[in-house]
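User: Hey, can you walk me through this one? I'd like to start with the aromatic rings and then move on to the strands.

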Amino acid sequence: MSCIRLAGVIAIVALVGCGGGSKSKSPSTAAPKTTQQEAPVAATTATEAPAKAGGLTPMGSTLEVGKTAVIAYDDASNHKKSRIEVTPQKVEKGTLDDFKNIKLEGNEKTSTPYYVTMKVTNVGKGDLSGTDPAAYIDGIDDRGQEQNEIIFFGEFQRCKGGDAKSLKPGESYSRCLAYLIPGGGSIKGMRWIEFDQKTGKANIDWK
C-alpha cells in the first residue's frame, strides 16, 4: 500500500484481495488468494459460456475475453444474492502519463498500466444495489500470475470504479479495473475466484 496525491487530494493506492477491500468471499466458497497465485486446478476450454443444470457457468471453465459467464453471486459484505452475468469486455494498455497527477513509488514508476472494462448484469431475482461484483475479478498477467486491482481513494478519471448504486433485477453496471504491471509484463486475461465444493473445481478464466 502506498500514499499518493491524486488531483490535489491525498489518496491511498492499495493492492487488494478478492472482492476488493472489505469485500471477500466467504470461507465456504472462496479459493485462497494472494497477490500472485497460480490457478489451483486445470480448466476446461470453452469459447462460449458453457451451461450446466441451472444455467450457471461451471467452475473450471475458460472463456474468451468478451464472453459472458453466468454466476450465482453472494456478496460477502451484506450477503445479498442473485444470479449475474459477468463480462470482461476489453483489456487496454495505458501509459504512465495517465498517472501524471499521482506520486508513484518504487517499481510503480516503471510499471505498465492496464485497464479492464467490466460489465455485470443482474439476471436473477435479488436486489444487488450497493454491491460491486466486478471487484471479485482478478487480472492474469503474461506469466499466468494473478494481479489485484489498484484501489484509488479519490477519482481516477482514466479508470472509474465503485459499487453499483442500483443493480436491481434486469439492471446492469459497468466499471473499470486498473492494474500496474511491473517488469514489462501485461494483462492477458481475467479470473473469477471461487471454489465449487461439489465438483472440486475452481475459478472461471477469460483469456
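Predicted model: local features only at pLDDT ≥ 70, side-chain atom pairs only at ≥ 80, totals over all residues.

User: Ok, which residues do ring pairs link into a cluster?

Analyst: F99, Y115, F152 and F156. The structure holds 7 aromatic pairs. One of them is Y115 with F156, a tilted pair at 6.3 Å centre to centre and 45 degrees between the planes.

User: And where do Y115 and F156 lie?

Analyst: Y115 is in strand β7 (residues 112-122), while F156 is in the loop between β10 (150-152) and β11 (172-181), so the pair ties together parts 41 residues apart in sequence. Strands here are DSSP runs (E, at least two residues), as are helices (H or I, at least four), numbered from the N terminus.

User: What about F152 and F156, how are those rings arranged?

Analyst: Their centres are 4.4 Å apart and the planes sit at 25 degrees, so that pair is stacked.

User: Buried or exposed, F152 and F156?

Analyst: F152 counts as buried at 14% relative accessibility, and F156 is buried at 5%. Y115 is buried as well. The cut-offs are under 20% relative accessible area for buried, over 50% for exposed and partly exposed in between (1.4 Å probe, protein chains only).

User: Switching topic: how many helices and strands?

Analyst: 0 helices and 13 strands.

User: How do β5 and β6 pair?

Analyst: Strand β5 (residues 69-74) and strand β6 (residues 81-93) are antiparallel, with 6 bridges; pairing takes at least two DSSP bridges between two strands. A69 stands opposite V86 in β6. Their hairpin has 6 residues between the strands, and H79 there takes a positive phi near 60 degrees.

User: And β6 with β7?

Analyst: Antiparallel too, joined by 9 bridges. E85 has T121 in β7 as its bridge partner.

User: Which cysteines form a disulfide?

Analyst: C159 and C176, with their sulfur atoms 1.9 Å apart; the cut-off for a disulfide is a pair of cysteine sulfur atoms within 2.5 Å. The pair links distant parts of the chain, with C159 in the loop between β10 and β11 and C176 in strand β11, 17 residues apart. The structure holds 1 disulfide.

User: Why is the disulfide of C159 and C176 called left-handed?

Analyst: The torsion about its S-S bond is about -100 degrees, so the disulfide is left-handed. Both C159 and C176 are buried.

User: Zooming out, what share of the chain counts as buried?

Analyst: 48% of the 207 residues. Of the contacts (heavy atoms within 4.5 Å) with a separation of 6 or more, 69% come from residues 24 or more positions apart.

User: Last one: what is the mean pLDDT of the chain?

Analyst: The mean is 79, and 74% of residues reach 70 or more; pLDDT is the predictor's confidence in each residue, from 0 to 100. Over residues 1-49 the pLDDT is below 50, and this stretch has 131 contacts in the model beyond near neighbours in sequence.

How values were computed:
Residues numbered from 1 in each chain as written. Heavy atoms only, no water. Phe/Tyr/Trp six-rings, centres within 6.5 Å; stacked < 30°, edge-to-face > 60°.
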